Amino acid sequence: MSAAAVEHPCDGEPESLLDSANRLSEQLPPGYRVEIIGGVITVAPPLDGPHANALTSLMIPFLAAGLHGEESKVLQGIGLWLPGGPEDYAIPDLAVVDADFDDHRAENSTYDPAVFRLVLEVTSSNYQNDLRHKVAAYAYAKIPVYVILDRRHGRVHVLTEPVGGAYDRHEVYAPGQPAVLPASIGAEVTLDVAELVQAGRPRP
């Protein structure tokens, strides 16, 4: 994910960072994702096939556990308003949210972080953003569980117990190790790390 240069209109007041992000979203080709993390506009390119394959594989255990039902929902690409900056927001690859999430709309088609039980990112070329900047942003928003499928290094990170801008607990799982997620998300979910790493691996 890269920082995007923003040009302000010459007339009148400079546009807000949020307005700049929205304008950029309208100008980019379909599939690009614009976010504001730490007061910086970032742009992610369209997902490649293995990324999409890994994301679908990740959804299956959450759906099988019944998390997409009356109490919670499993959603792709839902906007998350971030309290770390006046206009910050993110669009996680996957999230488990309370079923009444739509009653908690925030600004710019995003939702209050209080309804998020878990957020999940599948890394692309922006892997450092997922492993660093978003860790701080999601922790500050008090997202209880942050899961990262790190395709570059072939492992899964499970971060829990957010305090300030960090997570107190950070477990790393390699292929052959099952990643057991906290039951606090609403059900018992175990991720097959080897399967996920294989699903997200691009062809040589």
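Me: A salt bridge is a side-chain nitrogen of Lys or Arg within 4 Å of a carboxyl oxygen of Asp or Glu. How many salt bridges does a search of the whole structure find?

Reply: Keep in mind that you're looking at a predicted model. The general idea is that side chains of opposite charge can pair when their charged atoms come close. Searching the whole structure here turns up 10 salt bridges. Take Asp98 and Arg117: their closest N and O atoms are 2.8 Å apart, and they form a salt bridge. Asp98 sits in strand β7 and Arg117 in strand β9, so this pair ties together parts 19 residues apart in sequence.

Me: Is Asp98 buried, partly exposed or exposed? And what about Arg117?

Reply: To read that, you need a cut-off: under 20% relative accessible area is buried, over 50% is exposed, and in between is partly exposed. Asp98 has 23%, so call it partly exposed. Arg117 has 18%, so that one is buried.

Me: Which residue forms a salt bridge with Asp93?

Reply: That's Arg33, with the closest N and O atoms 3.0 Å apart. Asp93 is in the loop between β6 and β7 while Arg33 is in strand β2, so to speak a link between distant parts of the chain, 60 residues apart. Both Asp93 and Arg33 are buried.

Me: Where does Asp130 lie?

Reply: Look in helix α3, residues 127-140. Asp130 has 1% relative accessibility, so it counts as buried. Set aside the neighbours within four places in sequence, and Asp130 still touches Glu121, Val122, Thr123, Ser124, Val135, Tyr146 and Ile148.

Me: Let's do helices. Which residues of α1 are buried?

Reply: Start with the general idea: an α-helix has 3.6 residues a turn, so residues three or four places apart point the same way. Now go to α1, residues 17-27, where Leu18, Ser20, Ala21 and Leu24 are buried. Look down the axis of α1 and those buried residues fall within an arc of 160 degrees, so they line one face of the helix. On the face turned away from the buried side you'll find the exposed residues Glu26 and Gln27.

Me: What do the buried residues of α1 pack against?

Reply: Four strands: β2 (33-37), β3 (40-44), β5 (79-81) and β6 (89-90).

Me: How many residues does helix α2 have, and what should they span?

Reply: Helix α2 covers residues 49-64, which is 16 residues. At 1.5 Å a residue they should span 22 Å, and the end C-alpha atoms are 23 Å apart, so the two agree.

Me: What caps the N-terminal end of α2?

Reply: Asp48 does, with a side-chain oxygen 2.8 Å from the backbone nitrogen of His51. Past the other end, just after α2, Gly66 has a positive phi of about 80 degrees.

Me: Which residues of α2 are buried?

Reply: His51, Ala54, Leu55, Ser57, Leu58, Met59 and Phe62. Their packing partners include strands β4 (72-76), β7 (94-98) and β9 (116-122), along with helix α4 (193-199).

Technical notes: Residues numbered from 1 in each chain as written. Predicted model: local features only at pLDDT ≥ 70, side-chain atom pairs only at ≥ 80, totals over all residues. Heavy atoms only, no water. Buried < 20%, exposed > 50% of the residue type's maximum accessible area, 1.4 Å probe, protein only. Helix = DSSP H or I, 4+ residues; strand = E, 2+ residues; numbered from the N terminus. Arc of directions from axis to C-beta. Contact = heavy atoms within 4.5 Å. Expected span 1.5 Å × (residues − 1). Polar contact = N/O pair within 3.5 Å; in protein donor to acceptor, adjacent residues only side chain to side chain.
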